[in-house]
Amino acid sequence: MGLLAGRTALVTGGSRGIGAAIARRLGAEGADVAISYVASPDRAGAVADEIRAMGRTARIYQADQGDENAVGELIDSVAGDFGRLDILVNSAGVFTTGEVGASEADTDGFARQVDVNYRGVVAGIRAAAKHLPEGGRVVSVGTVSATGRLGFNGIGEYVATKAAVAAYSRGAARDLAKRGITVNVVQPGAINTEMNPEDTEWGAQLGATIPTGRYGRPEEVAALVAFLAGPEAAYITGTTINIDGGMDA
């Protein structure tokens, strides 16, 4: 039946990349899965179809993670439609680069990052806390650069949002621990997705600097998330776990 049989999970940003891999893995572990997306219903639907083929229930929801009201409505809809919500995975995120003080900096993009990457996560955890039972799980996807070295110029605004999520999650973990709910953050390094492909000149150069000599796979991140979402991780909360091939070692 799988470690997550009988549980319902919501994966935000589950239509592609790391989010899609997480949704598939939770389904493979026996969970029913809700997937949120912003503008890719076909891709979200394809992931849901894969999960249904595993014998699980899957539904997709359009929701803008940068809109706190929409996030609250999403959580309530999932809990109502499935009859429960056991696992929240905050995977949705946006990425805008730009050096501090640059005249051409995308300030609107920076603001959008704060709305999606931080405020949307906070809104999701607050709303989910009303529904999560004892043994509930919250896992957010961050970045190794949030607590380690940056390594690149122009990403300060992005990593600040992810560092804020890590700090907030530690506080939420303490607040929710008395209810048996765990809150953790997974911090990937270089992961081979369509937004950051390994098979480019830049990817080859970066991969050579990673101690393992390669990018990670979305499925490797998903495996860690699935563990943290499962019963064997009940004593792990308020922590950030890097999955980066040793980038920050």
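This is a predicted model: local features need pLDDT of at least 70, side-chain atom pairs count only at pLDDT 80 or more; totals for chains, interfaces and linings use all residues.
Read from the N terminus on, the elements of this chain run β-α-β-α-β-α-β-α-β-α-β-α-α-β, where helices are DSSP runs of H or I with at least four residues and strands are runs of E with at least two, numbered from the N terminus. That comes to seven helices and seven strands. Residues are numbered from 1 along each chain as its sequence is written, and side-chain values use heavy atoms, with hydrogens and water left out.

Let me begin with the chain as a whole. Along the principal axes, the C-alpha atoms fill a box of roughly 50 × 35 × 35 Å. Of the 249 residues, 49% are buried, and by buried I mean under 20% relative accessible area, with exposed being over 50% and partly exposed in between, for a 1.4 Å probe and protein chains only. Taking contact as heavy atoms within 4.5 Å, 72% of the contacts between residues at least 6 apart in sequence join residues at least 24 apart.

Now to helix α1, residues 17–28. Its 12 residues reach 17 Å from the first C-alpha to the last, close to the 16 Å expected at 1.5 Å a residue, the expected span being 1.5 Å times one less than the number of residues. The buried residues of α1 include Ile 18, Ile 22 and Leu 26, and just after the helix Gly 30 takes a positive phi of about 105°.

What aromatic pairs does the structure hold? There are two, counting rings of Phe, Tyr and Trp (its six-membered ring) whose centres lie within 6.5 Å, with planes under 30 degrees apart called stacked, over 60 edge-to-face and the rest tilted. The rings of Phe 95 and Tyr 158 have their centres 4.6 Å apart and their planes at 75°, so this pair is edge-to-face. Because Phe 95 lies in the loop between β4 (87–90) and α4 (107–129) and Tyr 158 in helix α5 (residues 156–177), the pair ties together parts that are 63 residues apart in sequence. Phe 95 is partly exposed at 47% relative accessibility, whereas Tyr 158 is buried at 15%. For Tyr 118 and Tyr 168, the ring centres are 6.4 Å apart and the planes stand at 85°, so that pair is edge-to-face. It links distant parts of the chain, with Tyr 118 in helix α4 and Tyr 168 in helix α5, 50 residues apart. Tyr 118 is partly exposed at 26%, and Tyr 168 is partly exposed at 23%.

Finally, two residues of the loop between β4 and α4. Thr 96 has its place in that loop and counts as buried at 14% relative accessibility; leaving aside residues up to four places away in sequence, Thr 96 touches Asp 106, Gly 109, Phe 110, Gln 113, Gly 154 and Tyr 158. Ala 105, in the loop between β4 and α4, is partly exposed at 24% and, with the sequence neighbours up to four places away not counted, touches Glu 99 and Phe 110. Ala 105 and Gly 154 are 49 residues apart in sequence, and their C-alpha atoms are 9.5 Å apart in space.
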